[in-house]
Amino acid sequence: MDAILVRGGNALNGQIPIAGAKNACLTLMPATLLSEEPLTLTNAPRLSDIRTMTQLLQSLGAEVTSLQEGRVIAMSCHGAINTRADYDIVRKMRASNLVLGPLLAREGHAEVSLPGGCAIGARPMDIHTDGLAKMGAQIDLRDGYLYAKAAGGRLKGAVIDFPFASVGATENIMMAATLAKGTTVINNAAREPEIVDLADCLRRMGAQIDGDGTATITVQGVDRLGAATHPVVADRIELGTYMLAPAICGGEVELLGGRINLIGAFCEKLDAAGIDVTQTDRGLKVKCRGARANAVDVTTEPFPGFPTDLQAQMMALLCTADGTSVLEETIFENRFMHAPELIRMGASIEVHGGRATVQGVERLKGAPVMATDLRASVSLILAGLAAEGETKVSRVYHLDRGYEHVVAKLSGVGADIERIKDQ
Ligand code: EPZ
């Protein structure tokens, strides 16, 4: 397994390019199952999760070709396909459940393994399955698989009220509804930019979708979808992650491709923390106004609120902020696993259930720490950038799931960082 070594203390200056969004690409790829025609994605990120989704779609019978060193993904899916998504792939990545809606819509039946829990929470699928049941699907759970069958062979439009604005359930139902008979309305839909990006792609394929980006999405089912080429939207979580690098250790960095409308609530919090964010014609310029950030309170919420996927990274900044900050994690039940690792670096953090109280210290101290999940791993690297001495982050396979070329991107703006072979 590899590890990443960070020697803290360098101020960062220069530019970091932002890649296409992992969480957009992971829902755009299953959309190929909805059509007999080709679907080509450009600006795709090069990540292990994308390779896992590629394997899954190929196991279902789709042709998936990676071009231009992974920046372009060319897909097509002809004729009858395999409708069983096996546990040995699904267990590696929860987003595999996003083939359920498209398979049901295309073939009228599907057998998709439940993904099982993950480090940050139980991650049930009840909102997905209740919505599909409203559309006429009979869904049974047997030997760890969801066996789904559309009554009469085709889903029908329905009015679906989500108890929670689930991102994945919105994506699954929206995709399923494109080929359903009649109109589907999703109330309390997720509003994330990845939902809008998926709707844009589906419209390019011929789908009739309105209201994406708001809490009410309406889909008028059609009989078939066609071909499309679609650019993956910029990754707002990678963007927010790298914005915190100069915020934590000083300097000024421009994030190429960054747009404030992708991360409004996050930018407001950075402003309150004393971090300047300026939109340029190439992206976002970020610098810390003072020697230390100000303490701020953060509550994670569905978009357009503060993203849960930036909570761990924000905690790294607040560990050396001037004052006490309270972070409330309202989306997942176990998303503070980075806290004990940050404490090893001298942070002062108390966790009680979904609340973490952070007492800012002058400086963290480098230490050997362990990545526990994707976003926790990068928060440890951010902390290492500002810490005194060397930090070794182990189990960086977590990092490879969601961040391409971290060492190159950070060393390119002056960080002392390298990837090494670990035991
Ligand atoms: C997506 O996960 C993202 N993953 C997550 O990013 C992100 O943290 C999450 O949305 C919230 O923004 C992808 O897009 C691939 P949810 P998803 O359904 O769709 C509960 C990362 O780091 N819930 O909005 O699984 C669930 O348990 C990953 O890139 C149900 O109870 O998120 C959780 O507590 C991590 N029943 C909450 O809702 C359901 O049927 C949010 O889940 C579905 C969800």
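Me: Which residues of α5 and α6 meet?
Reply: I127, H128, G131 and L132 of α5 meet G168, A169, N172, I173 and A176 of α6, contact being heavy atoms within 4.5 Å. This is a predicted model, where local features need pLDDT of at least 70, side-chain atom pairs count only at pLDDT 80 or more, and totals for chains, interfaces and linings use all residues. Residues are numbered from 1 along each chain as its sequence is written, and side-chain values use heavy atoms, leaving out hydrogens and water.

Me: Why is α5 called roughly parallel to α6?
Reply: The axes of α5 and α6 come within 8 Å and cross at roughly 25°. Angles under 35 degrees count as roughly parallel, over 145 as roughly antiparallel, 65 to 115 as roughly perpendicular and the rest as oblique, so α5 is roughly parallel to α6.

Me: What makes R236 and E194 a salt bridge?
Reply: The closest N and O atoms of R236 and E194 are 2.8 Å apart. The rule asks for a side-chain nitrogen of Lys or Arg within 4 Å of a carboxyl oxygen of Asp or Glu, and therefore the pair is a salt bridge.

Me: Why does R236 count as buried?
Reply: R236 has 7% relative accessibility. Buried means under 20% relative accessible area, exposed over 50% and partly exposed in between (1.4 Å probe, protein chains only), so R236 is buried. E194, at 5%, is buried too.

Definitions and conventions: Axes are lines fitted to C-alpha atoms, for helices over the stretch in contact, and angles run from 0 to 180 degrees between N-to-C directions. Helices (H or I, at least four residues) and strands (E, at least two) are DSSP runs, numbered from the N terminus.
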